[in-house]
Amino acid sequence: MELSRSAAWSALVFHKQEVDKKTIRDMFACESDRFVRFSVKWKEMLLDYSKNRITSRTMELLLELAHSAGVDEKRQQMFQGEPINFTEKRSVLHTALRRPSGYVLDVDGLNIADEIADVLLQMKNFCEEIISGKWKGYTGKSITDVVNIGIGGSDLGPYMVTEALKPFAHGGLEVHFVSNIDGSHIRETLKRLDPQTTLFIIASKTFTTQETLTNALTAREWFLAQAVEEEYIKKHFAAVSTNQEKVVEFGIDDANMFRFWDWVGGRYSLWSSIGLSIALYLGFNRFEELLAGAHAMDEHFLNEPFSQNMPVILALLGIWYRNFFDAASHAVIPYDQYLHRFPAYLQQLDMESNGKRVDENGHTVNHATGPVIWGEPGTNAQHAFFQLLHQGPDLIPADFIVPLKSQNPSGEHHDMLLANCFAQTEALMKGKTEQEVRAELSDAGYDEADMHKLLKHKVFSGNRPTNTILVQELNPFMLGSLIAMYEHKVFVQGVIWRINSFDQWGVELGKQLARTILPEIQSEEAITAHDASTNALINMARTFREENIRKASAQLSFF
């Protein structure tokens, strides 16, 4: 049966008509216990979802939807290592990467816990060598800078975490991240570095990813321009990969290759050896705290009833707005500058996971799936796109994330930050009625004519839903919990939508075509094999390239 024809879905369609009769503002006015009923506290985190267009009946029906969709069963299958990534016939076991040692979990006849423990020990020893200064570069100097070269999950996760946890870094190393195939990214990074004291981590599962390998080869060329001897590559390059042959061919010592597995998706990989740059920057003990925080959220997700389960609640609210209110996007607003890359990280996590239009049976879905995820840190976001949130025609649900403790207390800064965060969620919920605007303008001395001109422009409809996620402190443990919470939210939504959240075939087509177009841009022949637009673009690029080569040759001839 199609999801949209299920009894649970139909009940929600009917129920929405009842919810539409009241605003969130009305609900607060007549429900004194609303915050208590619609909030969950777990450890040092609070989820306040009371400012949503929901009643107790809404949540009952959404919870029924989750149970009827088999979220309970799929959750067990994921944690037990069953191949729920059905298009690639793979297990989905990023949760195993953060379990404490001592458990047994067989995948294809191997206890993966032992393999994970071996890699963690290898990472720990490597980090201790680098951080302590025992590891020396080719001139006998210690490493001062680490450059992580990856793309997608091999970049977004480690970059986001190292930015978020800057206050917890040991201070002995700087980390840099290169992902874009645009040569400006790698070149601007290299300008600031010394080959004698730089370590490169090449993060690529297959060691064939075009963007990553191109940047890695540029880094190798830059290094050898000064170091000269290829043997020195072993002192300055490490790899996170499964392709030992390619790693060794590049010149990297296989002892400095850190393994991970096909049951770790790229966007879930920061918990694996892809997190090596995190461990180097923070110290391995802090990396373990990050893992521990994620594992604690795993236990919460696995064991708490759905009605008190943070990932499940967030998932169901997202479905409520995406499918029953046609909300095409969802904003994430961290009121913490250290989380400035968190919305970008969640973009990949959510949109690559649930941006699907085919269900588990190969049928085109007849309901919306993943929304557009976007956002920026508050309060800067307030002066950028909050106009759209408040008075735009579209309903855009939003998550507000804020720590109660500042890592950099300074006067009233943090109190002002909190005040703005709380004020924005209240303003989005309450809005401002025409009557309130009229009274405000009257008090300001406006006459009737001017008041009439301004009135509609200053009305806020309100009734805009938000979740507020409070954490006492953004530390490694809490960040791990926060990331895992969103991972499980995405998983629950994928189960309900009956799609595979763990493949990403949509990434491949552009890559395939790029491999065809690259030699055409470098060709001397006019290109006619594509559509008229693509042919024209390739030929313009090719002509420009040829003209630049001719100009350069002419200048050399002149001298």
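At 26% relative accessibility, Arg498 counts as partly exposed in this predicted model. Arg498 sits in the loop between α20 (476–497) and α21 (508–521). Most residues other than glycine have a negative phi, and most peptide bonds are trans. Thr379 belongs to the loop between β11 and α16 (386–391).

Next comes the sheet. Six strands make an open sheet in the order β1-β2-β13-β12-β10-β11, and the pairing is mixed. The edges are taken by β1 (39–42) and β11 (372–374); each has a single partner strand, so one side of each is left without a neighbour in the sheet. On average, neighbouring strands here are turned by 15 degrees against each other, direction ignored.

Strand β2 (residues 45–48) and strand β13 (residues 466–471) run antiparallel and are joined by four bridges. Within that pair, Leu47 stands opposite Ile469 in β13. Helix α14 (residues 310–324) packs on the sheet here, touching β1, β2 and β13, and its direction makes about 25 degrees with that of β2. Another helix, α17 (residues 413–430), lies across β12 (398–403) and β13, running at about 160 degrees to β12.

Strand β10 gets parallel partners on both flanks. Four bridges tie β10 to β12 in a parallel arrangement, and Val332 has Asp399 as its bridge partner in β12. Three bridges link β10 to β11, again in parallel, with His330 standing opposite Ile373 in β11. To get from β10 to β11 the chain passes through helix α15 (residues 342–354), and this β-α-β crossover is right-handed.

How much of strand β10 (residues 329–334) is buried? Six of its six residues are. In a regular strand the side chains alternate between the two faces of the sheet. Both faces of β10 are covered: Ser329, Ala331 and Ile333 are buried on one side, while His330, Val332 and Pro334 are buried on the other.

Of its 13 residues, 10 are buried, so α15 is largely enclosed by the rest of the structure. The buried set runs through Phe342, Pro343, Ala344, Tyr345 and Leu346, and also includes Gln348, Leu349, Asp350, Ser353 and Asn354. Its cover includes strands β10, β11 and β12, along with helices α7 (153–164) and α20. The length of α15 also checks out: at 1.5 Å a residue, its 13 residues should span 18 Å, and the end C-alpha atoms are 18 Å apart, which agrees.

Helix α4 (residues 56–68) passes the length check as well. With 13 residues at 1.5 Å a residue, α4 should span 18 Å, and its end C-alpha atoms are 18 Å apart. An α-helix has 3.6 residues a turn, so residues three or four places apart point the same way. In α4 the buried residues are Thr58, Met59, Leu61, Leu62, Leu63, Leu65 and Ala66. Helices α1 (7–19), α5, α14 and α20 are among the elements that cover them. After α4 comes Gly70, with a positive phi near 85 degrees.

That leaves the cysteines. A disulfide is a covalent bond between the sulfur atoms of two cysteines. How many disulfides does the model have? The count comes to zero, going by a rule that asks for a pair of cysteine sulfur atoms within 2.5 Å. Why do Cys127 and Cys421 count as buried? The class takes in anything under 20% relative accessible area, and Cys127 has 0%, so Cys127 is buried. Cys421, likewise at a relative accessible area of 0%, is buried on these grounds too.

Conventions. Residues are numbered from 1 along each chain as its sequence is written. This is a predicted model: local features need pLDDT of at least 70, side-chain atom pairs count only at pLDDT 80 or more; totals for chains, interfaces and linings use all residues. Side-chain values use heavy atoms; hydrogens and water are left out. Buried means under 20% relative accessible area, exposed over 50%, partly exposed in between (1.4 Å probe, protein chains only). Two strands pair if DSSP finds at least two bridges between them. Helices (H or I, at least four residues) and strands (E, at least two) are DSSP runs, numbered from the N terminus. Axes are lines fitted to C-alpha atoms, for helices over the stretch in contact, and angles run from 0 to 180 degrees between N-to-C directions. Contact means heavy atoms within 4.5 Å. A crossover is right-handed if, with the strands pointing away from the viewer, the path from the first strand over the helix to the second runs clockwise. The expected span of a helix is 1.5 Å times one less than its number of residues.
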